[in-house]
Number of protein chains: 2
Amino acid sequence: MEHFGDLLAGQVQQKKSAVCVGIDPRWKSLPESIRAGVDSGDRSAVAKATECYCREVIDAVASVTPVVKPQAAFFELLGPAGMLALAGVIKHATKAGVLVLLDGKRGDIGSTAEGYADAYLGRESAWGCDALTVNPYLGDDTLEPFVHGAVRHGAGIFVLVKTSNPGSGFLQDQVLSGENQGQTVFERMADLVQSHAAATQGTSGYGAVGAVVGATYPQQLAALRQRMPNAWILIPGFGAQGGTAADVAHGFDSQGRGAIVNSSRGVIFAYQSEQYKHLDWQSAVAKSAHDMAQQLGEATPG
Amino acid sequence: MEHFGDLLAGQVQQKKSAVCVGIDPRWKSLPESIRAGVDSGDRSAVAKATECYCREVIDAVASVTPVVKPQAAFFELLGPAGMLALAGVIKHATKAGVLVLLDGKRGDIGSTAEGYADAYLGRESAWGCDALTVNPYLGDDTLEPFVHGAVRHGAGIFVLVKTSNPGSGFLQDQVLSGENQGQTVFERMADLVQSHAAATQGTSGYGAVGAVVGATYPQQLAALRQRMPNAWILIPGFGAQGGTAADVAHGFDSQGRGAIVNSSRGVIFAYQSEQYKHLDWQSAVAKSAHDMAQQLGEATPG
């Protein structure tokens, strides 16, 4: 059985890249050549074209991308046909030698959480993902089925700790009183993640349980890196959301390990930017992923 | 355009029942007659049989059930074939005159949240649901696309406030300090829900935004009923999880309105219980839903 923490560490090392490409296929932003002739009101046709596009994106970035992160919402938006496309995208990424982290932010209680874990985690599951993002609002007991599922299936989970959006502070930055006095909500969650990460750590020192911490909060990112020494950190918010390479550098350990940095729009829609518009769309996507890997490499230690 | 709060109020009044039947089709618990001859390793065959079962459950309970709550996890567990089954179940419930509240506990930022809202909310959406459960961990700004989507599509959302599981206190019961001193996390979320519920209220006095509060915490349920006068409350945890009719009575207003009470296993697997095992499975399901409606009617005011 593979160990997710070690598998990811191996992929990052082999590809010399901490890039995670977010697969958020908003139909209106897809290349003209993909959309041509497709009736945008026909969900099945849109789903098929979307799958083609995602496969080409994966092929374009695979050599510098250890992990892709399909965003479930954009496939769910297309109904059952979209879910079939999602399954195809996941299979394609796996064949291309890229790990798949599904961004579904799932979370539920007891046997329902177990259902989600069994649905997504591991190559033998219905969806065949290597990892899943998980929402911890329901409580510590609801993480356990995900942690057990991850370990059992050689997969990983990334728990939301401090998210990249402007309003993440509404709950996550609240300071607690009582026996957890002075702690913020996100720190409490980080401690929970760290306990599971430590308990599941592999030879890389990193566990099967990681955390999501936004690039848009670099100070918190630095503190959380220290607070969760055994947890992989998935850092969204790079690029389009405003996070820079210097910001995300705080998420890596002293050897430049332990984090993956997600860019969605900045890579998959690179053909829309001034910088890459002289290239065909596939080359623009490939070049932007390559450039991002280089930027991260220069900004991080090790 | 329909108004969800009023639509639900009308259904509850018409059927004289606050029963919400949770559709959690765990394969191993399905009736022998449904599972006979189906290879449990064949997800497509399992999904088709599961859909048949769910349709029969809906037919059995429709006359006393204003709303059914399919649990997304159990369909996702069956891969793309399961999602096709889910779509069939939703359509069937709608045709049977039962509102569909999908229990997906979705939550994400910005345009991704908008994607989820557009995917599920309203009869014209890809999935055609009347309502969706939503997880608020990411913050107040991430609820807005769901609220707007609900209003735009004549649908509703139910935001997790205080969940029924034993570990819900890990985060939700934490007491805050600073400017929100003395407030718990779930109270802060309840206030957010109430502000959206009040802003979206219809002629019934109830809004398009409701809350999830577990039957297993009757004291908090009573306090939250007062705190969110314009919010529908979805009360899970009745029956199998330990909540009684007396417990859930706290979730209703003085006229016996404003709450729906979910039972999953207690109804859909009623044929497994001593009480109903003398009946064929469909009659057991129907009888248990009928009995639950009666119990709730006797325990609630109005």
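Here is a short tour of the barrel in chain A and of the interface between chain A and chain B. Please keep in mind that this is a predicted model. In chain A, eight strands form a closed barrel with parallel pairing, and 62 residues of chain A are in contact with 62 residues of chain B.

**The barrel of chain A**

- The strands follow one another in the order S1-S2-S3-S4-S5-S6-S7-S8, and neighbours in this sheet are turned by 30° against each other on average, direction ignored.
- For a look at one pair, take S3 (residues 99–106) and S4 (residues 131–134) of chain A, which are joined in the parallel sense over three bridges.
- Within these strands, A:Leu101 has A:Ala131 of S4(A) opposite.
- Helix H7 (residues 140–152) of chain A lies across S3, S4, S5 (156–162) and S6 (209–213), and runs at about 145° to S5(A).

**The interface of chains A and B**

- About 4,900 Å² is buried between chain A and chain B, with carbon and sulfur atoms giving 57% of that area.
- A:Pro80, A:Tyr137 and A:Phe170 supply 16% of the area that chain A buries against chain B, more than any other three residues.
- There are four salt bridges across the interface; one of them joins the side chains of A:Glu76 and B:Arg106 at 2.9 Å, N to O.

**What chain A brings to the contact**

- Elements giving two or more residues to this side include S3, H7 and S5, along with helix H5 (79–95) and helix H9 (185–199) of chain A.
- H6(A) gives the largest share, seven residues.
- By class, this side of chain A has 29 nonpolar, 21 polar and twelve charged residues.

Note on methods:
Residues are numbered from 1 along each chain as its sequence is written. Chains are lettered from A and ligands numbered from 1 in the order in which they are written. This is a predicted model: local features need pLDDT of at least 70, side-chain atom pairs count only at pLDDT 80 or more; totals for chains, interfaces and linings use all residues. Side-chain values use heavy atoms; hydrogens and water are left out. Two strands pair if DSSP finds at least two bridges between them. Helices (H or I, at least four residues) and strands (E, at least two) are DSSP runs, numbered from the N terminus. Axes are lines fitted to C-alpha atoms, for helices over the stretch in contact, and angles run from 0 to 180 degrees between N-to-C directions. Contact means heavy atoms within 4.5 Å. Buried area is the accessible area (1.4 Å probe) that two parts lose on being put together, summed over both. Ala, Val, Leu, Ile, Met, Phe, Trp, Tyr, Cys and Pro count as nonpolar, Asp, Glu, Lys and Arg as charged, and the others, Gly among them, as polar.
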